[in-house]
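Visitor: I've got a model open and would like to talk it through. Can we begin with the packing inside?

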Amino acid sequence: MIGCGTPNAAAPEKSAASPAVTPPPAKVAPPTVAAASQPEPKPEPKPQPEPEPPPEPEPVTDEAPALDIEYVPTPGNVVKKMLEVATITKSDVVYDLGCGDGRLVIAAAKQYGARGIGFDLDPERIAEAKANVEKAGVGHLVTIEQKNIFEVDLSPASVVTLYLLPSINVRLIPQLQKLAAGSRIISHDFDMQGVDPDDVWTLVAKHHRPPPATRKHYVYKWTAPIVVSPADE
Ligand SMILES: C[S@@+](CC[C@H](N)C(=O)[O-])C[C@H]1O[C@@H](n2cnc3c(N)ncnc32)[C@H](O)[C@@H]1O
């Protein structure tokens, strides 16, 4: 390699011993009339490398991300019941998978002083939940993350709340099996096929799309480690 202090091997060496030789005068061809009257030939343009094509622009879209379940908020009295049966204390870490407007993690922080993270994919819900966290003054306890629930590591949580669908609860089983022993899983309305709950509570609350004005709501509780019955594995 040739660097700053490296001699250039391609440069001819000067010899102090060589006698000075006067080179013969170069033969110059007499200019012809035609040559004299023609303009100097322009040098051939050097071939330029093909320019790199510009990067494709990101498609601009207003489309909402593909959600596995639409947004339906849990009524207030059901939120209260879910947190109560979870026996939450301030040493708990509550994860709400598909947090909507953040009401479950906010209530856990306000009522029990628990830390929490709410996960959702919908940017509208994320903005709403963040604003609600701010409004409730629980920003020191609660964070809201835009993340697919199927990519969340649940091992730091001690309470997981769900208001999803029975099929989604089943898809979450491999993640829920990472919970530490004694962690609680609380689901609004939906069971988890193959895993027997510790208990189920029934209460009446608003129907999100009345009529009817009210309907029965269910609260399921499981305690980790969850065991899938062999028939459903
Ligand atoms: C029925 S709502 C429940 C909202 C809230 N947990 C509650 O109980 O009030 C379900 C939420 O899950 C969100 N969601 C759907 N699919 C999701 C996914 N793959 N990852 C993260 N959030 C998702 C929706 O945007 C919606 O806010």
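Visitor: Which residues touch the most other members of the largest nonpolar core?
Guide: This is a predicted model, and in it the largest nonpolar core has 43 residues, of which Val 105, Ala 108 and Val 160 touch the most other members. Helix 3 gives the most to this core, contributing seven residues.

Visitor: And what is Val 105 in contact with, leaving aside its neighbours within four places in sequence?
Guide: With those neighbours set aside, Val 105 is in contact with Val 94, Asp 96, Cys 99, Gly 116, Ile 117, Gly 118 and Val 142.

Visitor: Switching to helix 4, which of its residues are buried?
Guide: The buried residues in helix 4 are Arg 125, Ile 126, Ala 129, Asn 132 and Val 133. Viewed down the helix axis, the buried residues fall within an arc of 130 degrees, so they line one face of helix 4. Their cover includes helix 3, strand 2 and strand 3 (142-146), while the face turned away from the buried side carries the exposed residues Pro 123, Glu 124, Glu 134 and Lys 135.

Visitor: Now the ligand: which residues come nearest?
Guide: There are 22 residues around the ligand, and Asp 68, Thr 74, Gly 98, Gly 100 and Tyr 163 come nearest. Helix 3 (103-112) and strand 2 (115-120) each supply at least two residues of the shell.

Visitor: How does that shell divide by class?
Guide: The shell around the ligand has eleven nonpolar, five polar and six charged residues.

Notes
Residues are numbered from 1 along each chain as its sequence is written. This is a predicted model: local features need pLDDT of at least 70, side-chain atom pairs count only at pLDDT 80 or more; totals for chains, interfaces and linings use all residues. A residue is near a molecule or strand if its C-beta atom, placed from the backbone, lies within 6 Å of it. Helices (H or I, at least four residues) and strands (E, at least two) are DSSP runs, numbered from the N terminus. Ala, Val, Leu, Ile, Met, Phe, Trp, Tyr, Cys and Pro count as nonpolar, Asp, Glu, Lys and Arg as charged, and the others, Gly among them, as polar. A nonpolar core is a set of buried Ala, Val, Leu, Ile, Met, Phe, Trp, Tyr and Cys residues joined through C-beta atoms within 7 Å. A residue is buried if 20 or more other C-beta atoms lie within 10 Å of its own, exposed if 12 or fewer, and partly exposed in between; C-beta atoms are placed from the backbone. Two residues are in contact if their C-beta atoms, placed from the backbone, lie within 7 Å. The arc is that of the directions from the helix axis to the C-beta atoms.
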